Amino acid sequence: MPSAEAAIQPRISVLIPVYRDWAGLDWCLAALAAQTWPANDFEVLVISNDAEAPAPLTRPGVRLLHEPRGHSYAARNAGLAVAQGAVLVFTDADCCPEPEWLAAGWAALQADPAASLVGGNIRIAVTQRNVATDYDEAFAFKQAETVRNGGSVTANLFVKRVVFDTVGPFNAALQSGGDFEFCRRAKQGGFKIIYAEAAVVRHPARDSLAALFRKNRRVAGGFRRREFDLLNKGFGARAKFAANMLKPRLRFWLRLLRGQSNTDVLPAWRRPAVVAVQILMHYHFAFSVLLPPPRKDRH
């Protein structure tokens, strides 16, 4: 933990892209103001990727930038260009960091000198219970598993500056999945990522099927762009992928019903509806990979 007499240049820069979610951002900024990490040792950069210029922010110590030329990864890159910290920390406007978030992420980096990236813990915050929130609680942001596979979502990601200096910024052409593409480049560059259970942010559960389908469509579009378009793989490769996904996953779905996988967080009587939603999402993703990425969702 740094002393209260920290250097003028902060050791941590927190970067938050926002697209019209000012209510969520206010929740996030209030949580950042309550961090146990000294306030003079981190800066907060908020980057709006709306085409329209945002209204000024009134919170002290928060810098507002405007990057209208792309999606959230373009916004994050705009923040990177002016950030001062030795460690760049990413979260989203609708996330609420726990008070020890920054301290725990920094401590994880110090505890393992070989690590250059930290994926933190993401917990789903459920305010009303329905099948959509049940599904999100069971399937969204399985960060520990994601980090074991070499990735992390930018809802909770700590990165030493040297990583960006070496492998470059996020791919601004991606609407979704740019965090995984960046982590893949970091791994190829020899940088290690670890998981920090104690570095917690809370993300609100999506509370409608429409919201789940919008996210699924956006993620599928990003997956298509990252895994096929940027690698010059055409429709044939995408069709082969979709055909493989269309095969029934009976054993997996049976495990979900039994609570032996993601649905172990749910009581047995709520699992059948969630499994039905998972089946819909699975096939929706497969067909969405065949379609052009959505253009309107600038999340």
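The largest nonpolar core has 38 residues; such a core is a set of buried Ala, Val, Leu, Ile, Met, Phe, Trp, Tyr and Cys residues joined through side-chain atoms within 4.5 Å. Buried means under 20% relative accessible area, exposed means over 50%, and partly exposed lies in between, with a 1.4 Å probe and protein chains only. The residues with the most contacts inside this core are Ile12, Val14, Ile16, Val44, Trp101, Leu102 and Phe158. Two or more residues each come from β1, α1, β2 (42-48), β4 (87-90), α3 (101-111), β6 (115-125) and β8 (192-204). Helices (H or I, at least four residues) and strands (E, at least two) are DSSP runs, numbered from the N terminus. The element that gives the most to the core is α3, with 7 residues. A second, separate core has 23 residues, among them Phe90, Leu157, Val163 and Cys183.

The model is predicted: local features need pLDDT of at least 70 and side-chain atom pairs count only at pLDDT 80 or more, while totals for chains, interfaces and linings use all residues. Residues are numbered from 1 along each chain as its sequence is written, and side-chain values use heavy atoms, with hydrogens and water left out.

Residues up to four places away in sequence aside, isoleucine 16 touches Leu25, Cys28, Leu29, Leu32, Val44, Leu45, Val46, Ile47, Thr91, Asp92 and Ala93; contact means heavy atoms within 4.5 Å. In β1, 7 of 7 residues are buried. In a regular strand the side chains alternate between the two faces of the sheet. In β1 both faces are covered, with Ile12, Val14, Ile16 and Val18 buried on one side and Ser13, Leu15 and Pro17 buried on the other.

The strands form an open sheet of 8 in the order β3-β2-β1-β4-β7-β6-β8-β5, with mixed pairing; two strands pair if DSSP finds at least two bridges between them. At the edges are β3 (62-66) and β5 (96-97), each of which pairs on one side only. β1 and β2 pair in the parallel sense over 7 bridges, and proline 17 stands opposite isoleucine 47 in β2. β6 and β8 also pair in the parallel sense, over 10 bridges. Here valine 118 stands opposite isoleucine 194 in β8. Helix α2 (residues 72-80) lies across β1, β2, β3 and β4 and runs at about 150° to β1. Axes are lines fitted to C-alpha atoms, for helices over the stretch in contact, and angles run from 0 to 180 degrees between N-to-C directions.

Several loops deserve a look. Arginine 20 lies in the loop between β1 (12-18) and α1 (22-33), and has a positive phi of about 65° although it is not a glycine. Arginine 20 counts as partly exposed because its relative accessibility is 48%. Phenylalanine 141, in the loop between α4 (131-139) and α5 (143-148), is not a glycine but has a positive phi of about 55°. At 18% relative accessibility, phenylalanine 141 counts as buried. Valine 126 is placed in the loop between β6 and α4 and counts as partly exposed because its relative accessibility is 27%. Leaving aside neighbours within four places in sequence, valine 126 is in contact with Thr133, Glu137 and Ala205.

In α7, the buried residues include Gly178, Asp179, Glu181, Phe182, Cys183, Arg185 and Ala186. What covers the buried residues of α7 includes α2, β6, β7 (157-160), α6 (161-167), β8 and α8. Just after α7, glycine 190 takes a positive phi of about 90°. Glutamine 175, in the loop between α6 and α7, is buried because its relative accessible area is 7%.

The largest pocket holds about 1600 Å³ of space. On a 1 Å grid over the protein atoms alone, where a 1.4 Å probe is fitted, a pocket is an open set of points with protein on both sides within 12 Å along at least five of seven lines, and lining residues have an atom within 4 Å of a point. Grid points are joined across faces, edges and corners, and a volume is the space filled by probe spheres set on the points. The lining has 46 residues, of which Phe139, Thr146, Phe180, Lys215 and Val219 lie nearest the centre of the pocket. At least two lining residues each come from α2, α4, α5, α7 (178-188), α8 (209-229), α9 (235-245) and α11 (271-289). The most come from α8, with 8 residues.
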